[in-house]
Amino acid sequence: MTGAGTSAYPDLAGTRGPHDDAAWMCAAIALAEAALARGEVPVGAVVVCGGRIVGRGGNETIAQSDPTAHAEIVALREAAATLGNYRLPGCELYVTLEPCAMCAGAIIHARLARLVFGASDPKTGACGSVIDLFAKRELNHHTAVERGVGAKRCAALLSEFFAARR
């Protein structure tokens, strides 16, 4: 997925910047779509370090019977194994949904440089929607947060999933 184009996701057009956010978010969206196909809540995440994906994850909570198997945690575990370090300084996490408190805590503990997310989560979002763990100056690490990259497509996947269950 590295270097994926944005033509399939018009709401991502024009968002490319120094971090190539649109391309990396497209990779996360593809993982969210795969989670949707498996019947999981469609959330996808990639960890990028040095211009390459070092960790990938899609929600696996149902398949693994594991409440911690959120896309972010799966991607962080793979990135830590790939890099041989539980700390991921200089890495960025791209995720389709605003992280919850558990995932936000893991991101902070992993010492990620940057978090980029798509859709906001008004029920459990820990990046400002419900609480903002990243704004806590008392914490010993501070991850930069970018909100709303590809938000329309990310939100549409979630809406599709939950509409099918109503």
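Let me begin with strand β4, residues 114-119, which in this predicted model is mostly covered, since 6 of its 6 residues come out as buried. Its neighbour, strand β3, spans residues 92-97, and β3 is likewise mostly covered, with 6 of its 6 residues buried. The two strands run parallel and are joined by 5 bridges, and if you look along that pairing you will find L97 standing opposite A119 in β4.

β3 also has a pairing with strand β1, residues 44-49, and here the sense is antiparallel, over 4 bridges.

Now to the helices. Two packed helices are described by the angle between their axes and the distance between the axes. For helix α3, residues 71-83, and helix α4, residues 101-109, the axes come within 9 Å and cross at roughly 25°. Angles under 35 degrees count as roughly parallel, and that is why α3 is described as roughly parallel to α4. The crossing in which α3 passes α4 is left-handed.

Which residues in α3 and α4 meet? On the α3 side they are E72, I73 and L76, and on the α4 side they are M102, C103, A106 and I107.

Conventions: Residues numbered from 1 in each chain as written. Predicted model: local features only at pLDDT ≥ 70, side-chain atom pairs only at ≥ 80, totals over all residues. Heavy atoms only, no water. Axes fitted to C-alpha atoms, helices over the stretch in contact; angles between N-to-C directions. Parallel < 35°, antiparallel > 145°, perpendicular 65-115°, else oblique. Left-handed = near helix turned anticlockwise from the far one by under 90°. Contact = heavy atoms within 4.5 Å. Buried < 20%, exposed > 50% of the residue type's maximum accessible area, 1.4 Å probe, protein only. Pairing = 2+ DSSP bridges.
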